[in-house]
Amino acid sequence: MTKLRLAIVGAGPAGIYAADILLKAERKFDVSIDLFEQLPAPYGLVRYGVAPDHPRIKGIITALREVLDRGDIRLFGNVRFGEDITLDDLKHHYNAVIFATGAIRDSDLDIPGIDAAGSYGAADFVSWFDGHPDVPREWPLDAESVAVIGNGNVALDVARMLAKHAEDLLPTEIPDNVHAGLAASAVTDVHVFGRRGPAQVKFTPLELRELGELRDVDMVVYDEDFDYDEASKAAIASNKQVMVIDRVLQSWRQRPAANNAGGEASRRLHLHFYAKPLEVVKDAEGRVAAFRYERTRPDGEGGVVGTGEIREVPIQAIYRAVGYFGSPLPGVPFDKRHGVIPNHEGQALHKDSNERVSGVYATGWIKRGPVGLIGHTKSDAMETVRHLINDQGSWWQPADSSEGAIPALLAERGVRWTDLDGWHRLDEHEIALGAPHERARVKVVPRDEMVTISRGE
């Protein structure tokens, strides 16, 4: 019987789902899987890309933990692909590799002034408030008025974390440095801008509803945005999710704070629709001073056209939440325009010829771009795994596929890798840090400290 030695690069939901699906799939060969992760802890964007006050989404971790804890997948954490282990190394020791590296950079917003001091990418801010070990510990929160550009869930996460009072985050796993930073924040007003109307937003109803439940934060919406065209009315009538979103927004219109009429709260969260970004206005020192946009209107088909009316809102910081973007991997084909590994249903393709790259596969956001919810990653992985199983004739023929080869290679290179037992040690340590304060956990942030605890050093 043939044995498939498989490497998976990326231990977030995409990588773990792919491993689980392959192990449960009908096949005529044995499988042994090694999961490589550049961070010392697994779970990827569920640990480092979801706001800490989202325990429901964090519940996905429970399902991922069950897969890893079965013990039939080896985990190598704190191992950087392209540095600690290369594509040539994988060819030497495995039959194939699945890349599940996600997308962690911000997409660009190409408008004048976006490079101003006080202009940030949402992904970097999310990494900071989630305690990612590779970003600075401090975050500048000296702006009173802040703009968030985007109409998806990441924009809402960013807006909520900026508007929410820091003490209301204490029951969560928020790192201590993040709590201290948010507690000192000067913010009073957060403005969220989207270029289309309320019936075309990309948020989920749950995310939107949570905004209206923030303590001491007034929701401000503007009547001018709710003069719906026929396409918007049809979307509300035919789509339950759009209908619920409309219901939430309409309920906010009835509140005293609507249209800036003057609520009681110390902070305000404004939702602006039909706003096409034009420019980030800088002051004399090159800092963010205002956000300039063109008012749009519905085009009758679910899109928008410009009206020529230019508006400006004074702000001191701006966050672009217009999507994530994949990063290239050394030795692996990469589509710079879309931020993905070029592929056919998960089979990697050469960039120029569109011919198959034998032994190389992709799943998750590095396969299809950063769209869809975490659950969509499962069907993605199924498609990739189906091809992997059927491609047995074109697998690599490794020179040394022994289980001991990789630990020996990493040890020889001085890599302080972490394993599943190490993750359990770190997990228990973080939970213990939170227990005296009745918190879910307190995340350990510095990479060296994570590794030291994991390795029991």
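Visitor: Hi! Which residue in E3 stands opposite Phe-36?

Guide: Phe-76 in E3 stands opposite Phe-36. Before we go on, this is a predicted model, where local features need pLDDT of at least 70 and side-chain atom pairs count only at pLDDT 80 or more, while totals for chains, interfaces and linings use all residues. Residues are numbered from 1 along each chain as its sequence is written, and side-chain values use heavy atoms, leaving out hydrogens and water.

Visitor: Okay. How many bridges join E2 to E3?

Guide: There are 4 bridges between strand E2 (residues 30-36) and E3, and the two run parallel. Two strands count as paired if DSSP finds at least two bridges between them. The labels come from DSSP runs numbered from the N terminus: helices are H or I with at least four residues, and strands are E with at least two.

Visitor: What sheet is E3 in?

Guide: E3 belongs to an open sheet of 7 strands, in the order E3-E2-E1-E4-E18-E17-E16, with mixed pairing.

Visitor: Why is one side of E3 and of E16 left without a neighbour in the sheet?

Guide: Strand E3 (73-76) and strand E16 (343-344) stand at the edges and have a single partner strand each, so one side of each has no neighbour in the sheet.

Visitor: New topic. How many of the residues of E8 are buried?

Guide: In strand E8 (residues 189-193), 5 of the 5 residues are buried, so the strand is largely enclosed by the rest of the structure. Buried means under 20% relative accessible area, exposed means over 50%, and partly exposed is in between, using a 1.4 Å probe and protein chains only.

Visitor: Which way do the residues of E8 point?

Guide: Asp-189, His-191 and Phe-193 point one way, whereas Val-190 and Val-192 point the other way.

Visitor: And which strands does E8 pair with?

Guide: E8 pairs with strand E7 (residues 145-149) in the parallel sense over 5 bridges. E8 also pairs with E10, again parallel and over 5 bridges. Asp-189 shows up in both places: it is the bridge partner of Ser-145, and it stands opposite Arg-268 in E10.

Visitor: What about E11 and E12, how do they run?

Guide: Strand E11 (residues 275-282) and strand E12 (residues 288-298) run antiparallel, joined by 7 bridges. They form a hairpin with 5 residues between them, and Gly-286 in the turn has a positive phi of about 85°.

Visitor: What do E12 and E13 form?

Guide: E12 and E13 form a hairpin with 5 residues between them, where Gly-300 in the turn has a positive phi of about 90°. Strand E13 (residues 304-314) pairs with E12 in the antiparallel sense over 8 bridges, and Arg-297 has Val-305 as its bridge partner in E13.

Visitor: Which residue has a positive phi of about 55° although it is not a glycine?

Guide: Tyr-274 is one, and Glu-438 is another, also at about 55°. Tyr-274 is in the loop between strand E10 (267-272) and E11, while Glu-438 is in the loop between helix H14 (420-434) and helix H15 (447-454).

Visitor: Is Tyr-274 buried or exposed?

Guide: Tyr-274 is buried, with a relative accessible area of 3%. Glu-438, at 74% relative accessibility, counts as exposed.

Visitor: What is Glu-167 in contact with?

Guide: Leaving aside neighbours within four places in sequence, Glu-167 is in contact with His-179 and Arg-215. Contact means heavy atoms within 4.5 Å. Glu-167 and His-179 are 12 residues apart in sequence, and their C-alpha atoms are 7.8 Å apart.

Visitor: And which residues does Asp-89 touch?

Guide: Asp-89, which is found in helix H4 (residues 87-93), touches Asp-84, Leu-409 and Arg-413, not counting residues up to four places away in sequence. Asp-89 counts as buried, at 10% relative accessibility.

Visitor: Last one: how many helices and strands are in the chain?

Guide: The chain has 15 helices and 18 strands. Of its 457 residues, 57% count as buried, and its C-alpha atoms fill a box of roughly 70 × 50 × 45 Å along the principal axes.
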